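Hello,

Here is the structure I promised to pass on. Please open it and keep it beside these notes.

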Amino acid sequence: QVQLQESGPGLVKPSQTLSLTCTVSGGSITTNHYYWSWIRQPPGKGPEWIGYIAYSGSTDYSPSLESRTSISRDTSKNQFTLQLSSVTPEDTARYYCARANQLPIPVLGWGNYDYWGQGTQVTVSS
């Protein structure tokens with residue numbers, strides 16, 4: 001059984017960098033044809049796709065966030081990370097890591113995400 005667990009600070013100050021780690025167990029992040037993704041959901045709003053790092057190590061990001069986003073991985077620890085720079089209060093959300101079993105296409109919905117972490121709340125505030 002694949003399990004994902006988010007970790008990182010729950011409070012980040014404006015202008016700083018949000019950094020979260022997703023630890024994966026029960027499966028390797030290098031296994032062919034899986035896409036390891038970050039999604040967030042602000043309070044009262046729908047989920048927003050942030051980006052992914054693929055099994056190959058390639059990355060892709062939401063156009064609205066790519067200038068501030070970096071996703072990387074540590075294969076020795078079976079972890080992947082999210083860094084979102086220059087945060088503002090509008091970045092306050094619950095952040096999830098998830099696995100997609102096909103190339104993610106956000107407008108088609110979330111049906112191809114077969115495993116999700118429980119999410120972690122991140123608040124941007126002074």
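Predicted model: local features only at pLDDT ≥ 70, side-chain atom pairs only at ≥ 80, totals over all residues.

Strand pairing

Start with strand β3, residues 18-25. Strand β1, residues 3-7, pairs with β3 in the antiparallel sense, over five bridges. Look for Leu4: its bridge partner in β3 is Val24. β3 also pairs with strand β8, residues 79-84. That pairing is antiparallel too, and it runs over six bridges. Here Leu18 stands opposite Leu84 of β8.

Nonpolar cores

The largest nonpolar core has 24 residues. Which of them touch the most other members? They are Leu4, Leu18, Val24, Trp38, Phe80, Leu82 and Tyr95. At least two residues of this core come from each of β3, β4 (35-41), β5 (48-54), β8, β9 (93-100) and β11 (120-124). β3 gives the most, with four residues. There is also a second, separate core of eight residues. Among its members are Tyr52, Ala54, Ala100 and Tyr113.

Surface

Now turn to the outside. Ile105, Val107 and Leu108 form a nonpolar patch on the surface. Together they have about 360 Å² of accessible area. Leu108 sits in the loop between β9 and β10 (113-116). Why does Leu108 count as exposed? Its relative accessibility is 66%, and the cut-off for exposed is over 50%.

Best wishes

How values were computed
Residues numbered from 1 in each chain as written. Heavy atoms only, no water. Pairing = 2+ DSSP bridges. Core = buried A, V, L, I, M, F, W, Y, C linked by side-chain atoms within 4.5 Å. Buried < 20%, exposed > 50% of the residue type's maximum accessible area, 1.4 Å probe, protein only. Patch = residues over 30% accessible without salt bridge, like charges linked within 9 Å, V, L, I, M, F, W, Y side chains within 5 Å. Areas by Shrake-Rupley, 256 points an atom, 1.4 Å probe, with all protein chains shown as cover. Salt bridge = Lys/Arg side-chain N within 4 Å of Asp/Glu carboxyl O.
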